[in-house]
Amino acid sequence: MAKKITLQLQGKDPEEIIVDDYDLSKDYFDYVLGNVKDPNNNLVQGVLIGPNRYVRIIDVVDIKVEDVEE
């Protein structure tokens, strides 16, 4: 089932991104909490949402994930 991600970045209007699958815990919060690190053991500064939307974690104000009927 497809997912609709509503993303609010600092100083910008909310945007919606439709993706095939997205797990908020694994694909976002693990990065925010520092559970996922790069090969040099550094914190990851941003995440890829969907096929081509890179987002810096520090810029995210709000993120919401909803199921979408196909």
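The sheet and its surroundings

Modeller: From the N terminus on, the elements of the protein run β-β-α-β-β-β, which amounts to 1 helix and 5 strands. Helices (H or I, at least four residues) and strands (E, at least two) are runs assigned by DSSP and numbered from the N terminus. The model is predicted, so local features need pLDDT of at least 70 and side-chain atom pairs count only at pLDDT 80 or more, while totals for chains, interfaces and linings use all residues. Residues are numbered from 1 along each chain as its sequence is written, and side-chain values use heavy atoms, with hydrogens and water left out.

An open sheet of 3 strands has the order 2-1-5, and its pairing is antiparallel; two strands count as paired if DSSP finds at least two bridges between them. Strand 2 and strand 5 stand at the edges with a single partner strand each, so one side of each has no neighbour in the sheet. From one strand to the next, the twist averages 20°; such angles run from 0 to 180 degrees between N-to-C directions, with axes fitted as lines to C-alpha atoms, for helices over the stretch in contact.

The two pairings can be taken in turn. Strand 1 and strand 5 pair in the antiparallel sense over 8 bridges. Within this pairing, the bridge partner of K4 in strand 5 is E66. Strand 1 and strand 2 also pair in the antiparallel sense, over 5 bridges. These two strands form a hairpin with 5 residues between them, and G11 in the turn has a positive phi of about 70°.

T6 stands opposite E16 in strand 2. At 17% relative accessibility, T6 counts as buried; buried means under 20% relative accessible area, exposed over 50%, and partly exposed in between, with a 1.4 Å probe and protein chains only. Leaving aside neighbours within four places in sequence, T6 is in contact with P14, E15, E16, D62, I63, K64 and E66, where contact means heavy atoms within 4.5 Å.

Y28 and F29 form it in an edge-to-face arrangement, 5.2 Å centre to centre and with 75° between the planes. Rings of Phe, Tyr and Trp (its six-membered ring) pair if their centres lie within 6.5 Å; planes under 30 degrees apart count as stacked, over 60 as edge-to-face and the rest as tilted. Y28 is buried, with a relative accessible area of 7%, whereas F29 is partly exposed at 38%.

K37 is partly exposed, with a relative accessible area of 40%, and beyond its neighbours within four places in sequence it is in contact with N42, L43 and V44. N41 lies in this loop between helix 1 and strand 3 as well. N41 counts as exposed at 55% relative accessibility, and its phi is near 65°, a positive value in a residue other than glycine.

R56 has its place in strand 4 (residues 53-56). Leaving aside neighbours within four places in sequence, R56 is in contact with Q45 and G46.

Finally, some values describe the whole protein. Buried residues make up 26% of the 70 residues. Among contacts between residues at least 6 apart in sequence, 51% join residues at least 24 apart. Along its principal axes, the C-alpha trace spans about 40 × 30 × 20 Å.
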